[in-house]
Structure formats: structure tokens, C-alpha cells
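Have the model open and your selection tool ready.

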Amino acid sequence: MSNNEYEVTSEIHQAINKDGILKPNLAADNVVSRFLFKYPEHLECLDSGDDSGLIEDEDGDLIVHRKTDNQREGVITIEHSFSTTLDLVGRQIWRGALLLGDFVLHYGSSLLQDCTVLELGSGVGLTSIVAAMFAKEVICTDIDIGGILELIKVNAARNCKLLKANFIVLGLDFFANDWCSNLEKKLTNVTVILVADVIYDNDVTEAFVNTLQKILSFPPAKTIYIALEKRYVFTVADLDSVAPCYEFFLQCLQKTCAKPPGSQWQVDQLPIDFPQYFNYERVKELVLWRIKSKY
């Protein structure tokens, strides 16, 4: 049996808040879930000139501000699959998307303001929807299989009242040599790139890193934020629990950074101690990487 015949299910699906009233638009076996989040306190002060948001120290590290007052809540409603084969895992919600959603909620008011944002491997579009609360334009991309692009469009429509940005959905295949002209034109405006949980298969990972290299060849300078969950397995060969997909990603990234243009990138693993706004278990296996290109 091939990997694409096995069904996999995201760890968070047992705990999410399924909506018993809203019905799926695209497939009867889809589910509709409500992802509750708390608004960061500083968002309520944006119009009053409060300068809360992304602040860096002299080393370029993010400074986290926490507030403990009561916070108003919001909800993002998402249609998705409960379980899928491996090639269609983008139809599910994974913890990395919620971690990246927390990051965008906390820093988006300054990080994404007036920016054109690109998300790679967007899946059902949750992180792009969060980004669209802050950015000028969001380009939400994924491979055009299994109705994923239609699912993104449906979810954007469900949450249209949250969207401040112009929201565009385009196909992008990591394995493709050529991209549509519309996407290549948009890349000349993109300054921030978001990616969550795209590391689950070595071939996909290698193609993903090659895609990053291609995208970062387009000016202007861009910053990529990559949220991942290290998934451990026990192997007899190692006599230990290892995270092979994550380790392969690091090997691909190290290889790319060993020579130009990758050697010109600034690559950092960021702390994930910023506040949590979505309801999920922020496990220790979650990581967040930042890659900056230079021009």
C-alpha cells in the first residue's frame, strides 16, 4: 500500500470546536470548525496612535510584550477535511498554522502593515485569513489538487468580515518549473512570506526549499516565516526517537545556504514565547524559522 492510500488525521481535530449548524459548501464529508481566538490588546489601541507591535532589540531579536487584561474574542470559521491521504493533508488544520496565526496576530499590526504577503502551501487558508486582517494584499497559494484552491476561496468568503486585505488565491506547485505570469508579477511586490507545516515528505521538502530559493531571487528583499512541528518516530537504526522529515529540511536548508544566493540569506530560529491567542496545545516540538534575503 502506498503512502497516498493511508489516511492521516491532524492531532488537533479531536479537540476543535465543530459547528453543528453551518454546513460544508464543497463536500458532504467535510466538516466546518470554529477557531476561537483572542484579539491582542494592542489591536484595540491602533487608532489611538499606540506603537505596540513588532519591536526588535539591537541584535534583531523580537521583544515580546504581554498584557493580562480582559481581551475581546473573535472566530475564524473553516471548512476542512477531518482526515485525508498524505497527498491531501493541506485540506486539514495543523498546529503549525495556529502557531503562525498567533505570531501574525501578535506582530501583524506593524509587521504586515501596507505589505503584500505571500503564503506557500496555504492548505485551507487559515493563516492567510489572519494575515489579511493586517496586510494590504494577501496571495494565498497551494497546489491545485483535491479542490484545495476552491476550499481556500470558500473559507475566505466565510470570513470576509475579518479581511482587510485584497485576497487572491493562486495555484503554486513546488515541483513546477514555470509559474503563472500573474504570480511572477505579484512576487515583485511581496515582502513577507508565510509557511506552515509543509515538511512531511522528503521530495516535497526538497522542492519546497528550491521554491524558496526561486522566490527569493525576485526583488525586493523578502522575509520568510516558517512554522513547523518536529514529528518524532522511533527507528531501530538509531535506537532513538528522531524527527527525520525535520532533519532533512535542515539539511536541505544548510546545503542551500552553503553557496550563493543562499549564503546571502540571514537564517534564524525564533523563540515562540509570544502570547497564545488560538486554543491549541503549543507543544515543545513546534518551531519557527525566519529567513531574510538581501538586495
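How many of the residues of E10 are buried? Keep in mind that this is a predicted model. Seven of the seven residues of E10 are buried, so to speak a strand that is mostly covered.

**A covered strand and its neighbour**

Strand E10 takes in residues 223-229. In a regular strand the side chains alternate between the two faces of the sheet. Here both faces are covered: Thr223, Tyr225, Ala227 and Glu229 are buried on one side, and Ile224, Ile226 and Leu228 are buried on the other. Strand E9 (residues 190-196) runs parallel to E10, and five bridges join the two.

**Rings, and what they tie together**

A pair of aromatic rings is described by the distance of the centres and the angle of the planes. The structure holds nine such aromatic pairs. One of them joins phenylalanine 103 and tyrosine 225: the ring centres are 4.9 Å apart and the planes make 45 degrees, so this pair counts as tilted. It links distant parts of the chain, with phenylalanine 103 in helix H1 (residues 95-111) and tyrosine 225 in strand E10, 122 residues apart. Both phenylalanine 103 and tyrosine 225 are buried.

Another pair is phenylalanine 174 with phenylalanine 208, where the centres are 5.5 Å apart and the planes again stand at 45 degrees, so the pair is tilted. This one also links distant parts of the chain: phenylalanine 174 is in the loop between strand E8 (166-171) and helix H4 (181-187), phenylalanine 208 is in helix H5 (residues 202-215), and 34 residues separate them. Phenylalanine 174 is buried at a relative accessible area of 14%, and phenylalanine 208 is buried at 0%.

Which rings form a cluster through ring pairs? Phe103, Tyr107, Tyr225 and Phe274 do.

Rings also take part in charge contacts. The charged end of arginine 72 sits over the ring of tyrosine 39, 4.0 Å from its centre. Lysine 214 places its charged end over the ring of tryptophan 179, 4.0 Å from the centre of that ring.

**Helix H1**

Back to the helix that carries phenylalanine 103. Is H1 largely enclosed or largely open? Of its 17 residues, 16 are buried, so H1 is largely enclosed by the rest of the structure. H1 isn't straight, either: there is a kink of about 45 degrees centred on leucine 105.

**An open sheet with a helix on it**

Elsewhere, three strands make an open sheet in the order E2-E3-E4, with antiparallel pairing. Strands E2 (17-18) and E4 (73-80) stand at the edges with a single partner strand each, so one side of each has no neighbour in the sheet. Two bridges pair E2 with strand E3 (residues 31-38) in the antiparallel sense, and lysine 18 stands opposite serine 33 in E3. Helix H3 (residues 148-158) packs on this sheet, touching E3 and E4, and its direction makes about 150 degrees with that of E4.

Most residues other than glycine have a negative phi, and most peptide bonds are trans. Here are some spots that go the other way.

| Site | Feature | Value |
|---|---|---|
| Proline 219 to proline 220 | cis peptide bond | omega about 5 degrees |
| Proline 260 to proline 261 | cis peptide bond | omega near 0 degrees |
| Aspartate 114 | positive phi, not a glycine | phi about 65 degrees |
| Aspartate 197 | positive phi, not a glycine | phi near 50 degrees |

Where do these residues lie? Proline 220 is in the loop between H5 and E10. Proline 261 is in the loop between helix H6 (244-257) and strand E13 (266-270). Aspartate 114 belongs to the loop between H1 and strand E6 (116-120), while aspartate 197 is placed in the loop between E9 and H5.

Which of the aspartates would you find exposed, and which buried? Aspartate 114 is exposed, with a relative accessible area of 58%. Aspartate 197 has 17% relative accessibility and counts as buried.

Definitions and conventions
Residues numbered from 1 in each chain as written. Predicted model: local features only at pLDDT ≥ 70, side-chain atom pairs only at ≥ 80, totals over all residues. Heavy atoms only, no water. Phe/Tyr/Trp six-rings, centres within 6.5 Å; stacked < 30°, edge-to-face > 60°. Helix = DSSP H or I, 4+ residues; strand = E, 2+ residues; numbered from the N terminus. Buried < 20%, exposed > 50% of the residue type's maximum accessible area, 1.4 Å probe, protein only. Lys NZ or Arg CZ within 6 Å of the ring centre and 35° of its normal. Pairing = 2+ DSSP bridges. Contact = heavy atoms within 4.5 Å. Axes fitted to C-alpha atoms, helices over the stretch in contact; angles between N-to-C directions. Bend = angle between axes of the 7 residues up to and from the residue.
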